[in-house]
Amino acid sequence: RNVRTTVDGILFASKKEANRYCELMLLIKAGEVLYFLRQVPFHLPGEVKYLCDFLVVWKDWNVGIEDVKGKRTPSYIMKKKQVEFLYTVKITEI
């Protein structure tokens, strides 16, 4: 069961997502990550939208798309496949 958690005044859907946010903040301080964005939308056919948890820009300018998952729902699986196909990206599940 996901427990909503607040860190730095931001409400996260789960403790796991909040923990990943804290890890990314440490990676910025360590110089491994340049910056990251939260809840970035990817627009899909039929007015459907997928929100990734984090879009991470690493120090070598590679971009990672992360989704912090506890449970892989059928809706998530379908949207993930669509995003990866339409945007030619890879979503990393944390």
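Let's start with disulfides, meaning pairs of cysteine sulfur atoms within 2.5 Å: a search of the whole structure turns up zero of them. A disulfide, after all, is a covalent bond between the sulfur atoms of two cysteines. Cys22 counts as partly exposed because its relative accessibility is 32%, where buried means under 20% relative accessible area, exposed means over 50%, and partly exposed is in between, with a 1.4 Å probe and protein chains only. Cys52, by contrast, is buried, at 0%.

A quick word on what we are looking at. This is a predicted model, so local features need pLDDT of at least 70 and side-chain atom pairs count only at pLDDT 80 or more, while totals for chains, interfaces and linings use all residues. Residues are numbered from 1 along each chain as its sequence is written, and side-chain values use heavy atoms, with hydrogens and water left out.

Now to the aromatic rings. Rings of Phe, Tyr and Trp (for Trp, the six-membered ring) pair if their centres lie within 6.5 Å; planes under 30 degrees apart are stacked, over 60 edge-to-face, and the rest tilted. By that rule there are six aromatic pairs. Take Phe42 and Tyr50: their ring centres are 6.2 Å apart and their planes meet at 45 degrees, so this pair is tilted. Both partners are buried, Phe42 at 7% relative accessibility and Tyr50 at 4%. Phe42 has another partner, Tyr87, in an edge-to-face pair with 5.0 Å centre to centre and 85 degrees between the planes. That pair links distant parts of the chain: Phe42 belongs to strand S3 (residues 33-44) and Tyr87 to helix H2 (residues 74-87), 45 residues apart. For those labels, helices (H or I, at least four residues) and strands (E, at least two) are DSSP runs, numbered from the N terminus. Tyr87 itself is partly exposed, with a relative accessible area of 33%.

Elsewhere, Phe12, Tyr21, Phe36 and Phe54 are joined by ring pairs into a cluster. And if you find Tyr76 on the screen, you'll see the charged end of Lys69 sitting over its ring, 4.3 Å from the centre; the rule here asks for NZ of Lys or CZ of Arg within 6 Å of the ring centre and within 35 degrees of the ring normal.

On to the pockets. Rolling a probe the size of a water molecule over the atoms shows where empty space is left. A pocket here, on a 1 Å grid over the protein atoms alone, is an open set of points where a 1.4 Å probe fits, with protein on both sides within 12 Å along at least five of seven lines, and lining residues have an atom within 4 Å of a point. What is the volume of the largest pocket? About 260 Å³, taken as the space filled by probe spheres set on the points, which are joined across faces, edges and corners. Of the 15 residues lining the largest pocket, the closest to its centre are Asn2, Ala13, Ser14, Glu17 and Val68. Helix H1 (residues 15-29) gives the most to that lining, with three residues. By type, the lining has three nonpolar, four polar and eight charged residues; Ala, Val, Leu, Ile, Met, Phe, Trp, Tyr, Cys and Pro count as nonpolar, Asp, Glu, Lys and Arg as charged, and the others, Gly among them, as polar.

Stay with Val68 for a moment. Val68 is in the loop between strand S5 (63-67) and H2, and is buried, at 8% relative accessible area. Val68 and Glu17 are 51 residues apart in sequence, yet their C-alpha atoms are 5.7 Å apart in space.

Last, some backbone. Most residues other than glycine have a negative phi, and most peptide bonds are trans. Trp61, in the loop between strand S4 (48-58) and S5, has a positive phi of about 75 degrees, and Trp61 is exposed, with a relative accessible area of 60%.
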